[in-house]
Amino acid sequence: MTATSGPGTDPELAADLVLSGGGVKGISLAGAVAALNDAGYRAKRVSGTSAGGILGAMIAAGLAGEELGKTARAIDYLSFLDLAPLNWVPVLGANDGIYAGEVAREWIADMLAARGVRTFGDIPDPDPELPPEQRYKLVVTCADLTLGRMVRLPWDYRTVYGLDPDEQSVPDAVRASMAVPLLFRPLVLPNRITGRESTLVDGGIVSNFPIDSLDRTDGRPPRWPTFGVTIVPDAPGPSGTFLPAWLRPIVPTPVRLLEQVAITSVVGRDQAYLNQPAVRVRTVTVDSRAANYFDFHLTQEQVDELYADGYRAVGEFLAGWDWDRYLDRHRS
């Protein structure tokens, strides 16, 4: 065991973090990460999707522990519902998003700018054991509808889009990763290789819990743990939908059917990951029923409960975590 790999060896323990999507339940993710910080772990790199991308940006900018929890719990999710022009009305068949997403992007940009972060060049990870394109503290997962593929930003900026990753906006990448189809407008990214614009949406439709994204691929054992934090899927749940309560009555049946297909894809893929022993043993699963994914009208009681559920889940996880045993059973 190295000096940064497990409890009892060093007051500050290294770990990589993979954070799932989860809408407003991302508050639970913040509680979990704060608990890991309080246990001595500090994130080297963070991989996130959607809500996990927002929290990952906070962590990459240096937030941890109590400051991270306070910032996450203070997010005004209701303000993120900035209605786009009325061409979104579902019954008319428009599909570019109900909400513009600009308020969310501006909040992310302001939060990061206050900590000196604007582009990915501001959050480098100079670790020489990483491939050059991966030497950043944050990576977010998006779905490129134009190319029909998953993209990881900033890793894919140069090879897929012909763009310099150091010059690309962190808030834009995070905003793209949280662009839930039908709810938030997609982000449009220029592609210097194809000469076309790419439409980017929520990475959850291709990889809501990208647990393998930070794993070593050179056959060598990891130097420290990669912990996953995911929210136990409750979909379709009692309501049978991820949609906000006010929207459910006006969404036509074909759109609801497509939503159920997407839910099955997301939840099924996550569950397949979690069924793998090497994934399950290093994943914190947060089971919180305090709110649905897109219940933006949160009370303070719900916020506190979501956060506490995440914090408590880490305590239960660490009680059974053993780094040496993990290496012996799953990485030898």
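Residues are numbered from 1 along each chain as its sequence is written, and side-chain values rest on heavy atoms, with hydrogens and water left out. In this predicted model, local features need pLDDT of at least 70 and side-chain atom pairs count only at pLDDT 80 or more, whereas totals for chains, interfaces and linings use all residues.

The protein contains 11 helices and 8 strands, which are DSSP runs numbered from the N terminus (helices H or I, at least four residues; strands E, at least two). Of its 332 residues, 53% are buried, where buried means under 20% relative accessible area, exposed over 50% and partly exposed in between, for a 1.4 Å probe and protein chains only. Among contacts (heavy atoms within 4.5 Å) between residues at least 6 apart in sequence, 72% join residues at least 24 apart.

The structure holds 14 aromatic pairs; rings of Phe, Tyr and Trp (its six-membered ring) pair if their centres lie within 6.5 Å, and planes under 30 degrees apart count as stacked, over 60 as edge-to-face and the rest as tilted. One of these is formed by Phe184 and Phe296, whose ring centres are 6.4 Å apart with the planes at 75°, so the pair is edge-to-face. This pair links distant parts of the chain, 112 residues apart, since Phe184 lies in the loop between α6 (170-177) and β5 (187-190) and Phe296 in the loop between β8 (283-286) and α10 (300-319). Phe184 is buried at 4% relative accessibility, and Phe296 is buried with a relative accessible area of 8%. Trp321 and Tyr326 form a tilted pair, with 5.5 Å from centre to centre and 40° between the planes; Trp321 counts as buried at 9% relative accessibility, as does Tyr326 with a relative accessible area of 5%. Both residues belong to one aromatic cluster, formed by Tyr41, Phe227, Phe317, Trp321, Trp323 and Tyr326.

Charged side chains are also placed over rings, a term that requires NZ of Lys or CZ of Arg within 6 Å of the ring centre and within 35 degrees of the ring normal. Lys25 lies over the face of Tyr293 at 5.1 Å from the ring centre, and the charged end of Arg73 sits over the ring of Tyr307, 4.0 Å from its centre.

Ser50, in the loop between β2 (41-48) and α2 (51-60), is buried at 7% relative accessibility. Leaving aside neighbours within four places in sequence, Ser50 is in contact with Gly21, Ser177, Met178 and Asp202. With the side chain of Asp202, the side chain of Ser50 makes a polar contact at 3.1 Å, that is, a pair of N or O atoms within 3.5 Å, of which, within protein, one must be able to donate a hydrogen and the other to accept it, residues adjacent in sequence counting only if both atoms are side-chain atoms.

Gln302 is found in helix α10, and its side chain reaches the backbone oxygen of Ala290 at 2.9 Å. Beyond its neighbours within four places in sequence, Gln302 is in contact with Ala290, Ala291 and His297.

The second largest pocket has a volume of about 420 Å³. On a 1 Å grid over the protein atoms alone, a pocket is an open set of points with protein on both sides within 12 Å along at least five of seven lines, and lining residues have an atom within 4 Å of a point; the volume is the space filled by probe spheres set on the points, which are joined across faces, edges and corners. Its lining comprises 25 residues, of which Arg45, Leu130, Leu214, Asp215 and Arg216 lie nearest the centre.

Technical notes:
1 Å grid on protein atoms, 1.4 Å probe; cavity = no way out; pocket = protein on both sides within 12 Å on 5 of 7 lines; lining within 4 Å.
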